[in-house]
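Visitor: I am new to this structure and would like to learn how to read it. Could you show it to me and take me through a few features?

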Amino acid sequence: MRGLALRPGSRVLGIETSCDETAAAVVVDGARVASSVVSSQVDLHARFGGVVPELASRAHAELLNPVVAEALLEAGCEGRDLAAVACTVGPGLVGALLVGVSAAKAFALAWRLPFVGVNHLEAHLYAAFLEEPDLKPPLVLLLASGGHTLLVAMVDHLRYRLLGATIDDAAGEAFDKVARFLGLPYPGGPAIDRLAMEGDPTAIAFPRAMRDDGYDFSFSGLKTSVLTYVRNHPDVSSADVAASFQEAVVDVLVAKARRAAREVGANGLCLAGGVAANSALRERLLDACISDGLRAFIPSRTMCTDNAAMVAATGWWRLREDGPTPLSVGAQPGLHFPGT
Ligand code: KG4
Ligand code: ZN
């Protein structure tokens, strides 16, 4: 498929409904955020301790139109001022994705605009470009979210080589499961992050699976090890458990990312995904980059978690490279990182 020439000043509407955030944004030239509205469903799912797919789809259906209207209003534009409509097509929850994809196609048809389907994982990477316009490949990307943990070499814009991925739980999933076990509220990542600040990260030596071995990750053993430790030591301080668990995850993530950057000859390391909001991970990755002479690209916390500005920006890049996505393309819940 042929790329589309986009005029300077092109505004792309982005839509994101892959999990539990209903989001819409307008981004100009793939780089400047004119508006970014995120309506979180956290309160809706909190009492169930995790995302309930059917509830998420229903909430997206209710919230999407007002969220899109607000994004357009904040950006000071209407449908006819846009160059394209971009929407996450996967990976994610199928029902949740379908709400966004159907709405995005309807907007594109009604406003006679090109539709562009966006890979949510690639969008997490482009979140970093929104805040660091001079970010230049070759880079190594560490993407850690609720569903994925990936190490990717970004050879050039839109060109990637997968280095490694988790063989069991994603890093965010491990945070969420350990938090639940410790009786912390959902979502678990931010709760562990907060509690860990009061604990000693060296209190318990939890295992670092495959730390110095290849680029794949495994967090399932660590999770089991935390559960077993707490059962055998009922009086242990939860803050020490949280801090020591977090330390084990961060240690493995940072060790692999810096080794990958060295072996790939990358000029920088880029963090992405919800777990990239973790305080210890941000601090340790920055320290590693400073001592290795690498540039560190660490997006703001709001840009790390799900939003639609990253979707609009990716849509702009993809539209120029591949052209519009056929309307026959549906939701793709199991989509992989592009080219991997
Ligand atoms: O990227 P994201 O917002 O949604 C997915 O695409 O999965 O990531 C959500 C994940 C959840 O597992 C959440 O617990 C984790 O990111 N997370 C964190 C922090 N903030 C969010 N994990 C550790 N520390 C945080 N501060
Ligand atoms: Zn995400």
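Visitor: Is aspartate 306 buried or exposed?

Guide: Buried means under 20% relative accessible area, exposed over 50%, and partly exposed in between, with a 1.4 Å probe and protein chains only. Aspartate 306 has a relative accessible area of 16%, so this residue is buried. Please keep in mind that this is a predicted model, in which local features need pLDDT of at least 70 and side-chain atom pairs count only at pLDDT 80 or more, while totals for chains, interfaces and linings use all residues. Residues are numbered from 1 along each chain as its sequence is written, chains are lettered from A and ligands numbered from 1 in the order in which they are written, and side-chain values use heavy atoms, leaving out hydrogens and water.

Visitor: Which residues coordinate the zinc ion (ligand 2)?

Guide: Donors are N, O and S atoms within 2.8 Å of the metal (3.2 Å for Na, K and Ca); water is not among the atoms, so sites may look incomplete. Here the zinc ion (ligand 2) is coordinated at 2.1 Å by His120 (NE2), His124 (NE2) and Asp306 (OD). Along the chain, the donors of this zinc ion follow the spacing H-x3-H-x181-D. Histidine 120 in helix α4 and aspartate 306 in the loop between α10 (301-304) and α11 (309-322) are 186 residues apart, a pair that links distant parts of the chain. Histidine 120 counts as buried, because its relative accessibility is 7%.

Visitor: Where is glutamate 122 found, and what is it in contact with?

Guide: Helices (H or I, at least four residues) and strands (E, at least two) are DSSP runs, numbered from the N terminus. Glutamate 122 is found in helix α4, residues 120-131, and is buried, with 2% relative accessible area. Contact means heavy atoms within 4.5 Å. Leaving aside neighbours within four places in sequence, glutamate 122 is in contact with Leu158, Tyr160, Thr314, Arg318, Phe337 and Pro338.

Visitor: How many residues does the largest nonpolar core have?

Guide: In soluble globular proteins, nonpolar side chains tend to be buried together. A nonpolar core is a set of buried Ala, Val, Leu, Ile, Met, Phe, Trp, Tyr and Cys residues joined through side-chain atoms within 4.5 Å. The largest has 51 residues, and Leu151 and Phe245 are those with the most contacts inside it. Helix α8 gives the most to this core, with 14 residues. Apart from this core lies another of 42 residues, including Ala23 and Phe297.

Visitor: How many aromatic pairs does a search of the whole structure find?

Guide: Rings of Phe, Tyr and Trp (its six-membered ring) pair if their centres lie within 6.5 Å; planes under 30 degrees apart count as stacked, over 60 as edge-to-face and the rest as tilted. The search finds eight aromatic pairs. One is edge-to-face: the rings of phenylalanine 206 and tyrosine 229 have centres 5.8 Å apart and planes at 85°. Phenylalanine 206 is buried at 4% relative accessibility, whereas tyrosine 229 is partly exposed at 25%. Phenylalanine 217 and phenylalanine 219 are stacked, with ring centres 6.0 Å apart and planes at 15°.

Visitor: What sits over the ring of phenylalanine 217?

Guide: A charge sits over a ring if NZ of Lys or CZ of Arg is within 6 Å of the ring centre and within 35 degrees of the ring normal. Over phenylalanine 217 sits the charged end of lysine 256, 5.6 Å from the ring centre.
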